[in-house]
Protein chains: 2
Amino acid sequence: MKPLPVIRTIERMQSTADSLRRRGKTIGFVPTMGFLHEGHLSLIRLAKTRADTVIVSIFVNPFQFGPEEDLERYPRDFERDEKLCLQAGADLLFFPEAGAMYPEQYQTWVTVENLTQGLCGASRPGHFRGVATVCAKLFLAVKPHIAVFGEKDYQQARVIERMARDLNFDLKIVLGPIVRESDGLAMSSRNRYLDAEERKQARVLNESLSLAEAMIDQGEKEAARIKSAMEDLIRSRDRIRIDYIEIVHPETLNPLNTVEGPCVIALAVKVGGTRLIDNRRIGKKP
Amino acid sequence: MKPLPVIRTIERMQSTADSLRRRGKTIGFVPTMGFLHEGHLSLIRLAKTRADTVIVSIFVNPFQFGPEEDLERYPRDFERDEKLCLQAGADLLFFPEAGAMYPEQYQTWVTVENLTQGLCGASRPGHFRGVATVCAKLFLAVKPHIAVFGEKDYQQARVIERMARDLNFDLKIVLGPIVRESDGLAMSSRNRYLDAEERKQARVLNESLSLAEAMIDQGEKEAARIKSAMEDLIRSRDRIRIDYIEIVHPETLNPLNTVEGPCVIALAVKVGGTRLIDNRRIGKKP
């Protein structure tokens with residue numbers, strides 16, 4: 001296999017995108033923070049079915065981490081990522097430097113208002129401003145026809161979709177399903193922070209979602225009862241602190257009191273020092 | 001002369017831009033709020049010297065007007081604008097509807113932080129958020145290679161330039177010089193609000209800038225003394241209230257105490273009920 005071309009500057013990324021577009025190629029884009037796992041790879045493969053050229057970006061965006069969060073220890077392994085991208089069918093890696101993305105005097109921010117109020121937006125102030133801003137910047141650098149995001153970060157996907165539509169980005173956002181470990185834990189680069197005991201306890205995120213889904217299947221409509229059953233299950237493990245458990249409308253992300261149509265059950269917990277999120281979409285697919 | 005093509009939807013604007021770009025044409029863009037005057041027309045002619053195809057947008061952007069401002073009475077005359085654009089050499093008019101630009105659920109904003117703190121940003125909260133947002137949206141709709149703005153709105157030009165650079169917009173911002181009436185009043189669509197007496201008094205904006213420039217030419221370096229002389233001159237007219245008089249750094253827009261290198265002298269006043277701005281750049285051109 002010949003090595004994956006790696007582009008390090010915004011200018012070269014843009015001229016490469018221009019040249020692909022002039023040659024009539026469609027560009028599929030998978031933005032990542034690196035340390036790739038099967039979840040990312042499934043998005044690359046999905047992009048490959050929808051576009052001629054698949055560009056993966058690796059950029060650990062400092063502005064989506066809070067001051068108390070794990071920016072410094074966020075795992076990085078560029079060489080491994082490069083190999084995995086190539087195997088998954090990526091055609092090009094965009095790996096910009098932080099100094100080029102946020103030069104001195106940088107001062108522009110993209111905010112999405114309503115969708116960022118609840119869920120992770122409530123516990124991570126500034127997080128989605130960082131996400132929306134970096135995605136706008138990456139879209140303008142890579143000039144994709146489609147951009148693929150994982151449903152694991154459900155709120156993020158909705159925020160980016162809204163941002164792209166609101167600002168007139170001429171691209172389509174495509175969502176890929178959550179990929180899970182064999183015991184049901186949603187894949188995440190942050191899973192590697194877990195020690196053996198925490199790793200075992202972390203199964204309860206997916207288990208609580210399955211419990212909720214089963215209750216809804218059996219006709220339960222009261223969001224409060226479903227959330228309280230999930231809470232009881234999670235509280236039966238030590239070392240887990242609940243950040244939120246919510247049942248929300250799939251488009252507006254507004255909390256629902258009654259589960260009648262499609263909804264998303266979403267939760268965030270801390271397992272030891274590691275923040276994990278998961279969700280399940282009930283009813284129609286996005 | 002054949003009539004000017006008018007595009008009313010974002011989708012058609014984007015596909016037209018794509019098709020121009022595929023054919024190797026460069027796109028010059030002049031965004032306006034309509035009710036064009038010689039200032040706008042000079043920007044269209046400037047764009048025409050720098051790009052193959054010149055697209056003018058006309059959109060009275062509601063989100064850059066404050067609640068007490070003149071959105072409703074802002075002058076509009078599409079047919080006249082269309083003729084003037086054609087005569088000035090525009091190739092295409094983009095005239096989107098407000099409902100398409102800001103559909104229901106719209107909730108995304110672009111903010112530029114530092115450059116918007118002083119000058120007009122201080123007296124018009126939210127104004128530059130509206131400007132930066134609509135320009136990002138228009139750039140994404142029109143896909144220009146260059147976009148031309150007037151130096152009359154100096155702070156606006158700097159804010160948009162910063163926004164475009166920060167977000168990786170692949171385009172060049174070009175500034176056109178202020179165009180003045182024969183008595184020196186800077187052209188503005190808002191001049192038409194002035195009655196005969198106000199119109200006469202409004203000359204003092206340009207006169208005060210000339211006074212300041214003369215003082216600097218004669219070696220005055222103290223910003224406070226220059227501003228105070230401008231203030232005295234303006235206060236000698238009735239019906240004029242000063243909003244601000246500032247001498248700022250041309251790039252950072254930070255107020256200067258001492259005038260040594262290049263600077264911009266900027267002021268905003270109310271003549272009767274009409275807010276007018278003007279500025280003069282001293283030293284190197286942008």
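Two strands count as paired if DSSP finds at least two bridges between them. Helices here are DSSP runs of H or I with at least four residues, strands are runs of E with at least two, and both are numbered from the N terminus. With that in hand, hello everyone, and let's walk through this structure together.

A word on the ground rules. This is a predicted model, in which local features need pLDDT of at least 70 and side-chain atom pairs count only at pLDDT 80 or more, while totals for chains, interfaces and linings use all residues. Residues are numbered from 1 along each chain as its sequence is written, and chains are lettered from A, and ligands numbered from 1, in the order in which they are written.

Let's start with a hairpin in chain B. S9(B) and S10(B) run antiparallel and are joined by nine bridges. At one place along the pair, Val271(B) has Thr274(B) as its bridge partner in S10(B); at another, Cys263(B) stands opposite Ile282(B). Two residues lie between the strands of this hairpin, and Gly272(B) takes a positive phi near 60 degrees there.

Put together, that gives an open sheet of three strands in the order S8-S9-S10, with antiparallel pairing. Its edge strands, each pairing on one side only, are S8 (240-248) and S10 (274-282) of chain B. On average, neighbouring strands are turned by 10 degrees against each other, direction ignored. For such angles, axes are lines fitted to C-alpha atoms, for helices over the stretch in contact, and angles run from 0 to 180 degrees between N-to-C directions.

Helix H9 (203-217) of chain B packs on this sheet and touches S8, S9 and S10 of chain B; its direction makes about 25 degrees with that of S10(B). Contact means that the C-beta atoms of two residues, placed from the backbone, lie within 7 Å.

Why is S9(B) described as largely enclosed by the rest of the structure? Eight of its nine residues are buried, so the rest of the structure largely encloses S9(B). A residue is buried if 20 or more other C-beta atoms lie within 10 Å of its own, exposed if 12 or fewer, and partly exposed in between, with C-beta atoms placed from the backbone.

Over to chain A. In helix H3 (78-88), the buried residues include Asp81(A), Glu82(A), Leu84(A), Cys85(A) and Ala88(A). Among the elements covering the buried residues of H3(A) are helix H2 (38-50), strand S3 (53-58) and strand S4 (92-94) of chain A. Just after H3(A) comes Gly89(A), with a positive phi of about 105 degrees.

Chain A is divided into domain 1 (6-176) and domain 2 (189-280), with bounds that come from an automatic or database domain assignment. Taken over C-alpha atoms, the centres of these two domains of chain A are separated by 26 Å. Where they meet, 12 residues of domain 1 of chain A are in contact with 12 residues of domain 2 of chain A. On the domain 1 side, helix H5 (119-123) and helix H7 (154-166) of chain A each supply at least two residues.

Now, how do the two chains meet? 24 residues of chain A are in contact with 24 residues of chain B. On the chain A side, S5(A) gives the most, with five residues. S5(A) is also joined to strand S5 (108-112) of chain B by five bridges, and these strands run antiparallel. Within that pairing, Thr111(A) stands opposite Trp109(B).

Finally, the symmetry. A rotation of 180 degrees with 0.0 Å of shift along its axis superposes chain A on chain B, with an RMSD of 0.0 Å. The two copies are thus related as by a two-fold rotation axis. Copies are superposed by least squares on the C-alpha atoms of residues with pLDDT of at least 70 in both. In chain A, the C-alpha nearest the axis belongs to Val110(A), 2.3 Å from it. The same surface serves both copies, as 100% of the contact residues of chain A recur in chain B.
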